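Below is a guided reading of one predicted model. Please keep the sequence and the structure in view while following the text.

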Amino acid sequence: MSSEMTGETEETKDDEDEDEEEMKDRDDDDDEGDEGFSVLSDLPVEISERRPTCHTCCRPVKVCLCPYLPARPLDISTYLYIVQHPAEESRVLRTVPLLAACLPPVKCKVFIGRRFTDERHPELAAVCKDAHTLLLYPGAAAANLEDLASDFATTAHNVILIDGTWSQAKDMFLRNSLFRLPKQVQLRSVSSSQYVIRTQPTNMCVSTLECAAVALSIMEKNQNIQEVLLKPLQALCSFQLQHGAQIHHSKEHLIKNGEYNKILPQNKRKIRRMQKLISNQNI
C-alpha cells in the first residue's frame with residue numbers, strides 16, 4: 001500500500017513539474033505575444049473616411065445624380081406612401097431616394113418597418129382607411145390601374161407601394177391587415193425593367209421607382225412624368241456599368257436560356273414556382 005502511495009506521489013510530482021513547465025512556456029508565449037502586440041500597436045493606423053454623400057440623391061458626391069433630377073419637384077396631385085422593408089435602407093443601390101428627390105416631400109412619404117398597426121402608425125392607418133387610397137401590388141384580386149374609371153385629376157388619390165425584394169414585399173403584404181383595406185391595383189402591362197444592375201424574378205418585374213413612374217403617368221395623364229422619373233435611374237445604371245457592374249438578367253430569362261447557375265430547389269413549392277417561370281405563368 002505504501003508503494004502505491006509512493007508511486008502516486010511520484011506521479012503527482014511529475015505532473016506538477018509538467019504543469020510548472022507548461023505554465024512557464026505559456027508565460028514565455030504571453031511575453032512574446034505582448035511584445036508582438038506592442039509592435040503592432042505602434043504602427044500608424046489609417047483612418048478610413050466615409051465618402052461624402054449628396055443629401056439630395058443620397059449618392060456619393062463623385063457620382064451624384066442631381067444633374068439628372070428635375071430642376072424643380074414634379075407638380076402632381078397624387079400622394080405616394082412607400083412602405084419600405086428595413087433591409088432596403090442599408091442597400092447602396094436604391095431607387096426610392098431617387099423617386100423622393102423628384103417629388104415634393106409632402107407627396108412622397110416613406111415608412112420603414114415590417115409590421116404596421118393603427119397604434120404605431122396612425123398616419124399610415126388613416127391613409128389605408130381612406131376611400132381614395134390604392135395599394136399597388138399585383139395579385140388575382142387586383143384590378144388593372146389602366147382600367148379604373150376613377151377621375152384621378154379631379155380628386156387627389158393616395159397610392160401605397162411596398163419597397164423590398166419580392167419575397168419581402170409578399171411577406172409584408174400578407175402579414176399586415178392594414179393593407180387589406182385599400183383597393184388593390186396592378187399594372188396591366190409594363191416594359192422590361194431598366195434597373196439592370198439588380199436581378200428581378202421575372203421579365204415583368206420592375207423596381208419601385210419604375211412602378212411609381214408608370215402609375216403616376218397613368219393617374220396624372222402625363223407620359224412625360226415617366227420619362228423624368230426614369231432619367232436618374234438610367235444614369236445610376238450607366239454609372240455602375242461603367243465601373244465594372246454587370247447587366248443582370250431576370251431569373252426567368254436565365255432559366256429559360258439555361259444560364260441559371262445556382263442549385264435548383266428541392267422544395268416542391270419552389271419547384272412549381274420555377275416551372276411557372278419557365279412557362280411564363282403569373283407567379
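**Helices, sheet and loops**

Helix H6 and helix H7 (residues 224-242) pack with their axes 8 Å apart and at an angle of about 165°. Angles over 145 degrees count as roughly antiparallel, so H6 is roughly antiparallel to H7. The crossing in which H6 passes H7 is right-handed. On the H6 side, the contact is made by Leu 209, Glu 210, Ala 213, Val 214, Leu 216 and Ser 217. H7 contributes Ile 225, Gln 226, Leu 229, Leu 230 and Leu 233.

The loop between H6 and H7 contains Lys 221. Its phi is near 50°, which is a positive value in a residue other than glycine. Lys 221 has 69% relative accessibility, and the cut-off for exposed is over 50%, so Lys 221 counts as exposed.

Next comes the sheet. It is open, has six strands in the order S2-S1-S5-S3-S6-S4, and its pairing is parallel. Strand S2 (108-112) and strand S4 (143-144) are the edge strands, each pairing on one side only. Within the sheet, strand S3 (residues 133-136) and strand S6 (residues 183-186) run parallel and are joined by three bridges. Here Leu 135 of the structure stands opposite Gln 184 in S6.

Helix H5 (residues 166-175) lies across strand S1 (79-84), S3, strand S5 (158-163) and S6, at about 125° to S5.

A residue in the loop between S4 and S5 is Leu 145. Is Leu 145 buried or exposed? Its relative accessibility is 2%, and buried means under 20%, so Leu 145 counts as buried. Apart from its neighbours within four places in sequence, Leu 145 is in contact with Leu 134, Phe 152, Val 185, Gln 186, Leu 187, Ala 215, Ile 218 and Met 219. One of these, Gln 186, is 41 residues away from Leu 145 in sequence, while the C-alpha atoms of the two are 5.7 Å apart in space.

A last stop is the loop between helix H1 (2-41) and S1, where Cys 58 is found. Cys 58 is not a glycine, yet it has a positive phi of about 65°. With a relative accessible area of 37%, Cys 58 is partly exposed.

Definitions and conventions: Residues numbered from 1 in each chain as written. Predicted model: local features only at pLDDT ≥ 70, side-chain atom pairs only at ≥ 80, totals over all residues. Heavy atoms only, no water. Pairing = 2+ DSSP bridges. Helix = DSSP H or I, 4+ residues; strand = E, 2+ residues; numbered from the N terminus. Contact = heavy atoms within 4.5 Å. Axes fitted to C-alpha atoms, helices over the stretch in contact; angles between N-to-C directions. Buried < 20%, exposed > 50% of the residue type's maximum accessible area, 1.4 Å probe, protein only. Parallel < 35°, antiparallel > 145°, perpendicular 65-115°, else oblique. Left-handed = near helix turned anticlockwise from the far one by under 90°.
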